[in-house]
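Open the model in your viewer and keep the selection tool at hand. This tour goes stop by stop.

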Amino acid sequence: MNVDGIAYRSIWINDDGWSIDAIDQTRLPHAFEVRNLQNLEDACIAIRDMVVRGAPLIGATAAYGYYLAMREDSSDAAMKNAYSRLFRTRPTAVNLRWSLDRLRDCLEPLTPGDRFERAFVEAGRIAELDVETNQSIGIHGLEVIKQIAAQKPSGESVNILTHCNAGWLATVDWGTATAPIYMAHDAGIPIHIWVDETRPRNQGAGLTTWELGHHGIPHTLIVDNLGGHLMQQGMVDLCLVGSDRTTRSGDVCNKVGTYLKALAAKDNAVPFYVCLPSTTIDWDISNGAQEVPIEQRDEAEVSQVMGKLPNGEIGHVKIAPDGTKVANYAFDVTPARLITGLITETAIVDPSAGNLAGTFPSTC
Ligand code: MRU
């Protein structure tokens, strides 16, 4: 997508032809900086410290990290080491495991001498596949927006609420929840986006607003607790969110707070759709609330807020008394019964009927 007229992806191969560049999302929206990744350690740090984040981009970065590891040492032992180090960086987004399994299965039968070049090609394929997948999600999701637009008085905007950043920054390009949004806007359908700030790390306030602003999409930033009120007042036509892990029964684990939005949407008959690539489906589990590992993060994310200080520097401000006990669960699970539809690259699936396996028969 475009940043000041220049087309960017969130991750790409540096001009040197081998190292990897990624937009540093810890600096946005206040500074646009690019982080260069040259080895396994760089990739692990980038995922762990959320320089890159969002389930599909975590998967793509892990693939490039695996390739960088093979560049240094492509022995069997190095493969195991790369897998386990990358796997431990973030526990919830299942795309990480999907990418690592794909790299491992592809490289394991090869001799060590053939692994590095193949890893480069395969990591690139994973990145390209993500772009194509999100485009397909966009095409399916666009139909949902079109149907809602057709029911509104001519010229009136479709009001869409989104949570966290499931935008192009969370993927290689397009985003999942934002792919239909970008396509609707580009097709001339009037839309307006309610952007949840998404405490504690404020991915909505810092990243989604930045993306939408650079694409010229009308949007309004709201506190996380406002969504229910807006829905009661008829000010939300549609909720579109992403997923970090989807169970085979259609439960969706996404950024903490998604569940509460789904409850409010159900109570107010607002359609609640989740946009997800099939790479976020974990076929091994069916009960999201019981089985998805929920990442618990540093308490400083809750007791402090990061932002631009009056002197222009990026800094942290403490908002709770010293010593306050903090819980920081990064994700929650929305049960399938609260979800109107899962917008995948293949089709829009009704989750309540347990239809995912029928939609992706070869992968489950
Ligand atoms: O903690 P983050 O920023 O990695 O969480 C990201 C989300 O929860 C996104 O909504 C999810 O990964 C879907 S992104 C296409």
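Select helix H3, residues 76–87. Tyrosine 83 and phenylalanine 87 both sit in this helix, four residues apart, about one turn of the helix. The model is predicted. Show the two side chains. The ring centres lie 6.0 Å apart and the planes meet at 25°, so the pair is stacked. Is tyrosine 83 buried or exposed? Tyrosine 83 counts as buried, because its relative accessibility of 16% is under the 20% limit. Phenylalanine 87 is partly exposed, with a relative accessible area of 40%.

Next, select tryptophan 168 and tryptophan 210. They form a tilted aromatic pair, 6.3 Å centre to centre, with 40° between the planes. This pair links distant parts of the chain, 42 residues apart. Tryptophan 168 is in the loop between strand E6 (158–162) and helix H6 (178–186). Tryptophan 210 belongs to helix H7, residues 203–215.

A search of the whole structure finds seven aromatic pairs.

Now look for charges over rings. Select arginine 71 and tryptophan 18. Arginine 71 lies over the face of tryptophan 18, at 3.8 Å from the ring centre. Then go to lysine 255 and phenylalanine 331. Here lysine 255 lies over the ring face, at 4.2 Å from the centre.

Turn to the cavities. How many cavities of 30 Å³ or more does the structure hold? There are two. For the largest, select Arg53, Gly54, Ala55, Asn165 and Asp244. Of the 22 lining residues, these lie nearest the centre of the cavity. The space inside is about 180 Å³. Colour domain 1 (2–129) and domain 2 (144–359): both give residues to the lining of the largest cavity, so it lies between them. The largest share, three residues, comes from H2. By class, the lining of this largest cavity has nine nonpolar, nine polar and four charged residues.

Last stop: the second largest cavity, with a volume of about 40 Å³. Select its lining: Pro200, Arg201, Gln203, Lys255, Arg297, Glu301, Asn328 and Ala330. Two of these residues are nonpolar, two polar and four charged. Lys255, in this lining, is also the residue over the face of phenylalanine 331.

Definitions and conventions:
Residues are numbered from 1 along each chain as its sequence is written. This is a predicted model: local features need pLDDT of at least 70, side-chain atom pairs count only at pLDDT 80 or more; totals for chains, interfaces and linings use all residues. Side-chain values use heavy atoms; hydrogens and water are left out. On a 1 Å grid over the protein atoms alone, a cavity is a set of points where a 1.4 Å probe fits but cannot get out, and a pocket is an open set with protein on both sides within 12 Å along at least five of seven lines; lining residues have an atom within 4 Å of a point. Grid points are joined across faces, edges and corners, and a volume is the space filled by probe spheres set on the points. Helices (H or I, at least four residues) and strands (E, at least two) are DSSP runs, numbered from the N terminus. Ala, Val, Leu, Ile, Met, Phe, Trp, Tyr, Cys and Pro count as nonpolar, Asp, Glu, Lys and Arg as charged, and the others, Gly among them, as polar. Domain bounds come from an automatic or database domain assignment. Rings of Phe, Tyr and Trp (its six-membered ring) pair if their centres lie within 6.5 Å; planes under 30 degrees apart count as stacked, over 60 as edge-to-face and the rest as tilted. Buried means under 20% relative accessible area, exposed over 50%, partly exposed in between (1.4 Å probe, protein chains only). A charge sits over a ring if NZ of Lys or CZ of Arg is within 6 Å of the ring centre and within 35 degrees of the ring normal.
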